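The entries are in the order of my look-ups.

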Amino acid sequence: MEFEVCYQLDNEQQFWDELDDIVSAQGQTHGLIDDALRSYITFVTSYKGEYLHTEYDIVRCSFKLLESALFSTHKDYIRRQIVFSLLGEDSPDTLHLIVALLLFDGRDNEATFELMNDEGVFPRLIELIQEGKDDDVGLHRMLLELLYEMSRIQRLRAQDLIATDDDFVQYLFQIIEGLSDDVNDPYHYPVIRVLATPSLPQLILNEQYMVSAHDPTPSSQPPTTPTRSLTNRVIKTLSAHGSRYKTFGENIILLLNRESETSLQLLILKLLYLLFTTPATYEYFYTNDLRVLLDIITRNLLDLPLSAAPLRHTYLRVLYPLLAHTQLRNPPHYKRDELLRLLTMMTAVGGASEGHFGAVDETTKRLVGRCVRVGWLGAADDDDSADGRGQGDPARNLLGVEMPGASVSSLSVVEVTTQKERPGVLTGSRRHQEGGEANGKEGGAVGPEQRLDAGEATLALEKSPFEVEGET
């Protein structure tokens, strides 16, 4: 039976007043709760074109319900009803409201995202993302965010990853390429994290593929779950068509430059690790972008607090293949001396270096040793060869230890894969914390606007669209 109520509104304030009345309804039975939900959805979607002109208006409507006594009292039932609506609804206006409700509720309550996974929502999100951009750009972007947020807090079911085909992954990359030259597109916001929203699903899909490869048959999966190895379709796409999708690479470098959330840094580093250890993607990035990336990594290694040892180890695991396999291995060798000084500092015993980096653990020593054994870091300059300077094993010269031949170890693959942090946890900044202490203030995580400028790279022979004219 259709639930219809006739409203007569004269202005926007009346809309918000009426919405307050609707979400204030008392529902003691499932039937009354369903009536209130239908009234809420019908009312909002009926006036969406007239009174809801911005994304903020959609968000405001969502929180009217999420902060109501009705939702607080019956949240489990209402969440389930909203999830079921997502599975069966086709109207873009209704979907926009439903997706907003799930996204903002899930960010505060992971049980919502877990329920979505249990009910098999992931394939439905893929379907809606592929079909929906032309209907409503705001809805499309919110669907991308919902897929990302739902997937990053839990392991997806194997059958859902199997259902993620090459066409969908390529479609995500095509979205980014289509936006890169249109500054008036609604995806283009001055805030870098919003700008890179279309890049986030690829990062989380890569994470899911890596976890699946590391542990293909978790105990939580039912016995009927497929156990065959899954193809990492993100790496497969970039291996075959990387030259078409350069903007994605630029976006993740931008994100790493500005991002202070530990979990997102790890997602980016895991993808970079695979790109730099897969021969087909060794040279996916522009040379100048690799130089910027090296600046970012060295800055972050200096800036990470002592408590961030696992994240520092992950940066070092990415640094080795970046130096050994990419265009950075070719002359002119970018910032060779500065990089050697940093690596020496990281393993120094005593003095100011130890005061900055703390006691040297064995993992750091081993990972730094692998980096300094990269050929071009240890090679002697022509001017030095005559008197013997620069000759010998750089690992022994710098660290005082013998290192086995550097290679991509299976241990590194496992360690990179298994590094995790809960969403929302921010990585502290050494500079920010020390500055706060000096000023008598508590140090904290550094925000995007406080990150150091990493655009110190000299002009490479090939021009990258990553560069912004006038920046140095």
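**Ground rules.** I am working with a predicted model, where local features need pLDDT of at least 70, side-chain atom pairs count only at pLDDT 80 or more, and totals for chains, interfaces and linings use all residues. Residues are numbered from 1 along each chain as its sequence is written, and side-chain values use heavy atoms, with hydrogens and water left out.

**Confidence.** I checked pLDDT, the predictor's confidence in each residue from 0 to 100. The chain averages 78, and 69% of the residues score at least 70. Helix 6 (residues 75–88) has the highest confidence, at a mean of 97. Helix 24 (residues 382–385) has the lowest, at 36. A contact means heavy atoms within 4.5 Å. Residues 436–472 are also below 50, with 70 contacts beyond near neighbours in sequence.

**Whole chain.** I found 27 helices and zero strands. Both are DSSP runs numbered from the N terminus: helices are H or I of at least four residues, strands are E of at least two. Of the 472 residues, 51% are buried. I use buried for under 20% relative accessible area, exposed for over 50% and partly exposed for in between (1.4 Å probe, protein chains only). Among contacts between residues at least 6 apart in sequence, 76% join residues at least 24 apart.

**Helices 18 and 19.** I took the axes as lines fitted to C-alpha atoms over the stretch in contact, with angles from 0 to 180 degrees between N-to-C directions. Helix 18 (residues 287–303) and helix 19 (residues 309–325) cross at roughly 150°, and their axes come within 10 Å. The pair is therefore roughly antiparallel. My classes are roughly parallel under 35 degrees, roughly antiparallel over 145, roughly perpendicular from 65 to 115, and oblique for the rest. The crossing is left-handed. By definition, that has the near helix turned anticlockwise from the far one by less than a right angle; clockwise is right-handed. On helix 18 the contact includes Leu-290, Leu-294 and Ile-297; on helix 19 it includes Tyr-315, Leu-319 and Leu-322. The contact residues divide into eleven nonpolar, one polar and one charged. Here Ala, Val, Leu, Ile, Met, Phe, Trp, Tyr, Cys and Pro are nonpolar, Asp, Glu, Lys and Arg charged, and the others, Gly among them, polar.

**Helix 15 and its partners.** Helix 15 (residues 233–241) packs on helix 17 (residues 262–277) at about 45°, with axes 11 Å apart. That makes helix 15 oblique to helix 17. The crossing is right-handed. Val-234, Ile-235 and Leu-238 in helix 15 meet Leu-271, Leu-274 and Leu-275 in helix 17. This contact has six nonpolar, no polar and no charged residues.

I looked next at helix 14 (residues 200–214), which packs with helix 15 at about 115°, with axes 8 Å apart. Gln-202, Leu-205, Asn-206 and Tyr-209 in helix 14 meet Arg-233, Val-234 and Ile-235 in helix 15. The count by class is four nonpolar, two polar and one charged.

**Single residues.** His-96 sits in helix 7 (residues 92–108). His-96 is buried, at 2% relative accessible area.

Ile-162 lies in helix 11 (residues 158–162). Its 27% relative accessibility makes Ile-162 partly exposed. Ile-162 and Thr-231 are 69 residues apart in sequence, with C-alpha atoms 8.6 Å apart.
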